[in-house]
Amino acid sequence: MTWDTRILKKNVAKCYGNDQKNRLTKSLESIFENQDIARFHYAELMKMIEGHSQEKNKPQDYFRLVFCDDDEKLNAEYWFKVGCKAHIIALLRALHCTADLLAHVLYYSLNLKKRKSLTERQISWCKVKNILENDHKYRELLTFAIDLLECENVLYLDALVNHTKHRHNITPTLNYSLVKTGLETYNFIFDSFSYKGTTYQSREAIPFLHEAYDHQGENLIDFGNKINQLVISQTKISSAN
């Protein structure tokens with residue numbers, strides 16, 4: 001199944017004009033562009049790890065990295081870790097943008113300015129959610145949106161990225177497992193942290209990357225098609241009048 005955004009843009013232009021369609025288009029394109037960015041960073045992360053693992057066939061090879069006193073090797077190891085951290089954080093930041101981008105998509109697609117006028121700067125998931133909650137015809141859509149944007153993985157992602165942006169970095173620490181082999185040797189861990197009164201426990205980074213990306217990919221299409229259905233319905237009502 002796919003989300004045919006052409007249908008959405010066509011109907012928004014028909015009902016609310018090209019200016020609103022153009023605003024919608026920028027937010028839509030940004031969502032899919034960010035997913036591509038996330039995929040890019042994941043692929044580059046895997047390349048770095050695979051390259052680093054070359055010629056390391058025994059646990060002792062990783063043990064030596066920890067207790068190495070060769071400046072050149074230590075410098076290479078430092079920049080390897082920096083590169084991995086950079087790709088992990090960039091990937092998560094790309095996914096983190098989805099909630100507010102979808103808020104813009106909803107605001108323009110459903111012409112929510114008729115219910116509450118917001119500037120572009122004011123549009124956020126929290127404010128759009130409040131609008132949807134006050135109209136029963138959006139009840140099913142709201143359920144889809146909450147499942148997509150407020151599940152445990154997303155709340156952890158938001159807290160992690162916002163803490164990193166506004167307080168201090170929570171970058172993953174790399175530990176080498178001496179009992180595993182291949183790529184499973186590389187264990188990146190986010191430390192525990194607190195954000196807005198909630199404490200988040202330490203977590204393995206790479207499994208979380210999979211969970212966060214897969215959650216968006218699996219649910220975004222269903223959510224988008226639900227938006228399409230509502231907009232098509234509104235277009236029919238508008239044409240009938």
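Biologist: Is the crossing of H2 and H5 left-handed or right-handed?

Modeller: The crossing of H2 and H5 is left-handed, meaning the near helix is turned anticlockwise from the far one by less than a right angle, with clockwise counting as right-handed. Before going on, bear in mind that this is a predicted model, where local features need pLDDT of at least 70, side-chain atom pairs count only at pLDDT 80 or more, and totals for chains, interfaces and linings use all residues. Residues are numbered from 1 along each chain as its sequence is written, and side-chain values use heavy atoms, with hydrogens and water left out.

Helices here are DSSP runs (H or I, at least four residues), numbered from the N terminus. Two packed helices are described by the angle between their axes and the distance between the axes. For helix H2 (residues 18-53) and helix H5 (residues 98-109), the axes come within 9 Å and cross at roughly 155 degrees. Those axes are lines fitted to C-alpha atoms over the stretch in contact, with angles running from 0 to 180 degrees between N-to-C directions.

As for who touches whom, contact means heavy atoms within 4.5 Å. On the H2 side you'll find Gln20, Arg23, Leu24, Ser27, Leu28, Ser30, Ile31 and Asn34, and they meet Leu101, Leu102, His104, Val105, Tyr108 and Ser109 in H5. By class, that contact of H2 with H5 has 7 nonpolar, 6 polar and 1 charged residues. The classes go like this: Ala, Val, Leu, Ile, Met, Phe, Trp, Tyr, Cys and Pro are nonpolar, Asp, Glu, Lys and Arg are charged, and the others, Gly among them, are polar.

H5 also turns up elsewhere: H5, helix H4 (71-96), helix H7 (139-149) and helix H8 (152-166) each supply at least two residues of the lining of the largest cavity. A cavity is a set of points on a 1 Å grid over the protein atoms alone where a 1.4 Å probe fits but cannot get out, and lining residues have an atom within 4 Å of a point. Leu95, His96, Thr98, Ala99, Leu148, Leu149, Val154, Leu157, Asp158 and Gln216 line the largest cavity. H8 gives the largest share of that lining, 3 residues, and by class the lining divides into 6 nonpolar, 3 polar and 1 charged.

Terms used:
1 Å grid on protein atoms, 1.4 Å probe; cavity = no way out; pocket = protein on both sides within 12 Å on 5 of 7 lines; lining within 4 Å.
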